[in-house]
Amino acid sequence: MTPNYKNPELSIKERVEDLLSRMTVEEKVAQMTQVSVNMVSADEADVYAEKGIGSFLHSLGDTTRRLKQIASNTRLGIPLIFGIDAIHGHSLHNGCTMYPSQLGVSCSWDEEKIHEMGKITAREAAEEGLHWLFSPVLCVGRDLRWGRIDETFGEDPYLIGELGYSIIRGYQSENLAAACAKHYLGYGESVGARDSYDSQISDRKIRECFLPPFKRAVEAESMTFMVGYESIDGLPMSANRKFLRDVLKDELGFAGFSVTDWCNIEGLHARQFVANDLRDASKIAVEAGNDMSMNSLGFMEHVIDMAKSGELDMKYIDDSVRRILAVKFKLGLFDGIEQRIPHGCTACEEHITACKALTDECPVLLENNGILPLGSKYKKIAVIGPNADNVKAQYGDWTYFSHPDANPNAVPKEELYTMLRGMKTVFSDAEVRYTRGCDVMDPTDQNIKEAVALANDSDVVVAVLGDCLDQNGESKDRCNLEITGAQLDLLKQLKATGKPVVVILVNGKPLCIGEVRDNCDALLETFNSGAYGGLSAAKILRGDCNPEGKLTISFPRNAGQIPVYYNQYAGWHSNPKTGGYCDCPPDALYPFGYGLSYNNYTYANMQVSKTSVTPDDTIEVSVDITNNGGRDGNEIVQLYVNDKVSSVCTPVKQLRGFQRAFIKAGQTITVTIPLSVSDLWIVNREEEYIVEAGEFELMIGKSSLDRDLLTQTIRCTETRRLSSSC
Ligand code: NOJ
């Protein structure tokens with residue numbers, strides 16, 4: 001008779017319980033084990049599969065098929081789930097639809113297109129038999145020295161939560177893949193921005209700033225979470241029962257399973273020294289609430305042994321296995337998911353078109369003295385700089401060039417446009433000539449003379465500068481955020497020719513670009529813009545496309561100023577009256593929410609539907625926006641709030657709503673953004689989410705800068721503790 005767990009007519013709960021009741025301790029603990037195929041030999045991987053381990057990661061191509069086959073022949077035939085870092089498209093696969101980095105796409109503030117990006121990525125990974133995407137990163141990008149800023153959605157917890165929600169829903173929309181919200185929790189905030197180190201954050205602060213995006217991930221029903229490497233105030237996250245079990249599973253109601261990051265459990269013993277050995281570490285980790293162990297080889301044997309001897313309570317193991325099996329059933333891994341996979345979808349026309357449309361919305365215009373758009377009047381264009389024809393810098397981290405086995409000499413199979421190719425394509429009626437000018441990092445590797453000669457013989461210079469793969473990514477934290485190598489020298493000498501200079505930045509994170517700004521006529525930030533970044537930037541330069549992106553992360557004037565995020569507490573060095581350094585202005589060079597357009601949008605007539613409110617109310621904040629420019633365009637409208645007096649310090653302003661508004665040339669429209677009064681929560685000293693009675697400022701406008709915002713005050717007449725977390 002067919003066992004119940006194989007019967008798709010039964011509920012997931014019934015199938016899980018049936019299967020669990022048939023499993024031995026060994027089979028259960030095997031499900032809690034994940035191994036990277038790059039860490040073991042092919043034979044060893046086969047043995048793991050024969051033992052019925054739950055998951056492999058970083059498997060590509062034939063390996064996946066072979067291991068699946070072995071798993072299907074085990075006693076219970078529990079399918080494997082394969083994890084992959086498909087973080088900007090299925091980017092470890094040469095030939096995928098290669099999207100801009102998370103930081104890049106965040107600048108579009110486009111929830112719909114980011115949802116679509118998720119859907120497309122899931123399809124392309126699924127086509128390769130991979131149904132678990134280690135994405136999105138919901139870390140809050142506040143310390144710009146951190147090497148993984150490029151992987152974040154920027155610095156604002158609210159925006160990160162909303163974009164995270166969209167991409168998770170997208171990943172899981174066709175039930176072809178599970179998302180993995182990571183890195184839970186406070187990972188990006190380590191002391192000195194040293195990757196995987198200790199974060200000195202209070203639990204109150206975690207709830208205020210770092211937990212909310214993960215709460216949104218639970219609301220989006222993210223099937224999995226990844227536990228970060230870091231410790232918080234001395235307690236490694238993998239051992240943090242409060243946040244892994246009590247908060248995530250009990251308080252927030254997370255129904256999926258958690259996986260550790262790479263060798264976290266081993267790290268409890270070998271790096272963080274809170275466990276005597278791997279056995280001790282495995283016990284701590286399982287009890288704390290880690291459901292699956294990534295790559296701590298030996299975990300499986302120790303846990304089996306401890307379960308059998310009674311040292312480890314089976315209730316923890318059963319809870320983890322239930323969660324893992326439930327995800328596998330939910331995805332249909334037992335029920336022929338293969339039949340639902342859209343074969344032939346990888347880099348298909350539909351996917352490419354969607355990727356191009358999103359990429360067009362991402363670049364942020366930071367400066368323009370009127371030189372842009374270039375139109376068709378310049379006949380000789382010099383494209384100069386180390387990132388002009390540098391696909392690796394343009395793609396950024398987590399592609400087949402850098403992971404899982406770095407292949408820097410890979411020849412891309414997908415169609416791609418570097419900045420140079422984009423310029424040549426879009427300005428096909430002009431003579432576009434190129435020289436590299438200098439290296440990104442090595443100051444001795446330069447040929448500035450040749451670059452100056454080319455500039456002198458051209459009508460306009462497009463200088464493409466930035467950073468490179470060696471300056472971004474895991475363990476590539478920087479203490480210096482200046483433009484490196486001879487790039488500034490190159491730029492200054494190009495500017496000295498008297499030719500107009502447009503700078504395109506290709507970089508993983510905000511750099512100190514004051515001198516770049518001072519030596520150009522226009523400045524376009526593109527971050528790591530993926531396969532079509534060159535096309536989008538060139539279209540913007542020509543004027544075929546209006547720049548619409550706005551920054552989701554603030555740019556410092558100087559690395560010593562960090563942090564420069566906009567939502568700082570009053571009285572700190574963000575305050576222009578009382579704050580600042582004696583040798584540097586207090587504010588960011590370019591703040592969160594900032595970005596220019598070829599149109600000029602004006603805001604007027606701010607209205608609030610109700611000014612005396614209670615926490616039960618939802619009010620509407622509206623404003624009239626006029627597009628004074630000559631093009632139809634999208635404007636990103638931002639709503640901020642400020643609690644004027646509260647029991648603890650709160651941010652001077654905090655994003656609580658936004659909208660991409662389409663406005664035709666010359667038209668005025670009214671944009672209305674709803675605001676639940678309960679969203680005016682703060683976290684008090686008792687770690688409670690609470691709305692406190694009193695006055696609140698609501699601000700609406702085009703950026704986080706005071707000068708760009710209209711303000712109205714409302715009064716909340718009641719103090720209320722919220723039942724849910726935030
Ligand atoms: C380490 C990284 O921190 C994480 O983001 C990634 O998903 C895993 N390794 C797997 O590659």
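First, the ground rules. The model is predicted, so local features need pLDDT of at least 70 and side-chain atom pairs count only at pLDDT 80 or more, while totals for chains, interfaces and linings use all residues. Residues are numbered from 1 along each chain as its sequence is written, and side-chain values use heavy atoms, with hydrogens and water left out.

I start with the ligand. There are 13 residues around the ligand, where a residue counts as near if one of its heavy atoms lies within 4 Å. Asp85, Arg148, Lys182, His183 and Asp261 come nearest. By class, the shell holds six nonpolar, two polar and five charged residues. For the classes, Ala, Val, Leu, Ile, Met, Phe, Trp, Tyr, Cys and Pro count as nonpolar, Asp, Glu, Lys and Arg as charged, and the others, Gly among them, as polar.

Now the distances. Arg148 has a side-chain N or O atom 2.7 Å from an oxygen atom of the ligand. For His183, a side-chain N or O atom is likewise 2.7 Å from a ligand oxygen. Asp261 places a polar side-chain atom 2.5 Å from an oxygen atom of the ligand. Taken alone, the ligand exposes 290 Å², and the protein buries 98% of that; these areas come from the Shrake-Rupley method with a 1.4 Å probe.

How many cavities of 30 Å³ or more does the structure hold? One. A cavity here is a set of points, on a 1 Å grid over the protein atoms alone, where a 1.4 Å probe fits but cannot get out. The largest cavity has about 40 Å³ of space, a volume being the space filled by probe spheres set on the points. Its lining, meaning residues with an atom within 4 Å of a point, consists of Ile87, His88, Ser101, Gln102, Asp150, Glu151, Asp397 and Trp398. That lining divides into two nonpolar, three polar and three charged residues.

Last, two single residues. Gly170 sits in helix H7, residues 157-171, helices being DSSP runs of H or I with at least four residues. Is Gly170 buried or exposed? Gly170 is buried, because its relative accessible area is 0% and the cut-off for buried is under 20%. Its C-alpha atom is 7.0 Å from that of Met117, 53 residues apart along the chain.

Val461 belongs to strand E15, residues 460-466, and is also buried, at 0% relative accessibility. Val461 and Ile167 are 294 residues apart in sequence, with 37 Å between their C-alpha atoms.

Key. 1 Å grid on protein atoms, 1.4 Å probe; cavity = no way out; pocket = protein on both sides within 12 Å on 5 of 7 lines; lining within 4 Å. Polar contact = N/O pair within 3.5 Å; in protein donor to acceptor, adjacent residues only side chain to side chain. Helix = DSSP H or I, 4+ residues; strand = E, 2+ residues; numbered from the N terminus. Buried < 20%, exposed > 50% of the residue type's maximum accessible area, 1.4 Å probe, protein only.
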